[in-house]
Number of protein chains: 2
Amino acid sequence: MTARLIDGKAFAAGLRERVAGVAASFASSQGRQPGLAVVLVGEHPPSAAYVRSKAKATREAGMESFEHKLLADVSQGQLMALVDELNADPAVDGILVQMPLPKHIDEQEVIQRIDPEKDVDGFHPMNAGRLSIGLEGLVPCTPLGCLMLLQHELGDLSGLDAIVVGRSNIVGKPMAQLLIQASCTVTVAHSRTKDLPAAVRRADIVVAAVGRPELIRGNWLKPGATVIDVGQERVEQADGTRKLLGDVASSEAMEVAGAITPVPGGVGPMTIACLLRNTVVAAHRRAGLPNPEGL
Amino acid sequence: MTARLIDGKAFAAGLRERVAGVAASFASSQGRQPGLAVVLVGEHPPSAAYVRSKAKATREAGMESFEHKLLADVSQGQLMALVDELNADPAVDGILVQMPLPKHIDEQEVIQRIDPEKDVDGFHPMNAGRLSIGLEGLVPCTPLGCLMLLQHELGDLSGLDAIVVGRSNIVGKPMAQLLIQASCTVTVAHSRTKDLPAAVRRADIVVAAVGRPELIRGNWLKPGATVIDVGQERVEQADGTRKLLGDVASSEAMEVAGAITPVPGGVGPMTIACLLRNTVVAAHRRAGLPNPEGL
């Protein structure tokens, strides 16, 4: 058996097109484009690259991109003042402060300063709580993208056994909440889990989000399982080249799983697409409009 | 084998004594007792009884009890105004609005109006989010009490397999968060779960919180498991008398489990004790004092 590849790149492209359509309607009814502000502190090269591609995608979706670059030695107070300014700016619907921040900055304090209605990363405790309770709010982009791929692949998830490997605030925990809300039976596993292969083998849905290259082997999987691989680590190969690896040993998994996201081209492209989606949703809520359909 | 009974009544009595000690130190250093305001709307007899016993326990712990009784036809606006008043009152450290509220009242709106720092029920989305993210906050009383009993019984929970049966906002979901934080491998099961007996049988820790009398049978349990039974439903017996039953078939479970909470006398007494604990903790935080130890 060879698993179907879940084409996150194509799904993300479709979502970005739908977001662009919604953004265009918003612009014509409201007289302004939805706006996303992205804050980069310091020169961390991968962060700078993320910020550039987020800004580009924002403009391509017909939204305004506001980029703010601060020096690595910016003070907590200066960063907080910028967040306050963006909170107050009516042209800004979404605020994203690119993590990680320099060590002298308290990240939690920054996250909690962002207006929850503009918190398109979904990291504010208020949004984490809304998700937990089942209220409307802004949901972290990566797990939201994973859920979309799962629902596209499987339809109704109700009653399926799901395992989430990893318990980070950014992926694992919100992913588990989304799957509980979708009526899966959900197991959260992590580094302290005693028998991870056995736990994985019971699951119809496996979401791997630990950042340990190829931790999950093909023979751990239940035949026919749907596998979402959030990992993407650059690993040096024997020949000195570097290869992007997921948390799942993909060539082994292809022989057992029913469907699997490739790395790259699976979950990765969904994160930015969901960021754009969250921004246009935030714009609608702030304008007192109903949630846009089809996103 | 006969399971050990986990004496929640005795543990709760000890906790209430420790809370009283902390409340007395607080009163002597701050010149006022910690204060808990309880709001009862309408005449629902069990709610009225809960409120009376909460008020009595509050006074017994050396704290001030403020009771507010509103007529069943109170408007949303009047109830919100009372919450605002209690939020602003410096003598009030904790606010509890007794649920359920009459149908014409929007419960979520009331919960979200309570200052999260006084939300001793832990139901505000801000506190649900803090729990989810792993920040300090106020945790719902019943799951907090269950965690205390588990840690008292088992010590370190790290690596244990736990199942939470039920996914309510009041018990199931926060219980799962607490167990994930305690490094258990946690499964959340519910009415849509396909094979509940098999899922329960894998668990070292079973927390049953579904409100279905004796749903969980003795032969579903792993021998030696620790069982926390949150259910307490009054059920009419063949002879016409009424008996309080938990979610676990207790006489069967006694033969298989390692330890189990009785109904009544297990989880029940922990809820009020944790409410008092949350109130004295809220008082300390509001006064800028470090969290009291030993609670």
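1. Strand β7 (residues 205-208) of chain B pairs with strand β8 (residues 226-229) of chain B in the parallel sense, over four bridges. The model is predicted. Within this pairing, B:Ala208 has B:Asp229 of β8(B) as its bridge partner.

2. β8(B) is also joined to strand β11 (residues 259-260) of chain B, by two bridges, and these strands run parallel. Here B:Thr226 is partnered by B:Ala259 of β11(B).

3. β8(B) is covered on both faces. B:Thr226 and B:Ile228 lie on one side, B:Val227 and B:Asp229 on the other, and all are buried. Two of these residues return from the points above: B:Asp229 as the partner of B:Ala208, and B:Thr226 as the partner of B:Ala259.

4. Elsewhere in chain B, strand β2 (residues 35-41) and strand β3 (residues 64-70) run parallel and are joined by seven bridges. B:Gly35 has B:Glu64 of β3(B) as its bridge partner. With helix α2 (residues 45-60) of chain B, β2(B) and β3(B) form a right-handed β-α-β unit.

5. Chain B and chain A bury about 2900 Å² between them, with 53% of it on carbon and sulfur atoms. Each chain is represented in the contact: 36 residues come from chain B and 36 residues from chain A.

6. Between chain B and chain A, 19 residue pairs are in polar contact. On the side of chain B that touches chain A, the elements giving two or more residues are α4 (107-113), α5 (125-133), α7 (172-181) and β6 (185-189) of chain B. α5(B) gives the most, with seven residues.

7. Two salt bridges are found across the interface of chain B and chain A. A salt bridge links the side chains of A:Lys194 and B:Asp204 (3.4 Å, N to O).

Methods. Residues numbered from 1 in each chain as written. Chains lettered and ligands numbered in written order. Predicted model: local features only at pLDDT ≥ 70, side-chain atom pairs only at ≥ 80, totals over all residues. Heavy atoms only, no water. Pairing = 2+ DSSP bridges. Right-handed = clockwise from strand over helix to strand, strands pointing away. Buried < 20%, exposed > 50% of the residue type's maximum accessible area, 1.4 Å probe, protein only. Contact = heavy atoms within 4.5 Å. Buried area = accessible area lost by both parts, 1.4 Å probe. Salt bridge = Lys/Arg side-chain N within 4 Å of Asp/Glu carboxyl O. Polar contact = N/O pair within 3.5 Å; in protein donor to acceptor, adjacent residues only side chain to side chain.
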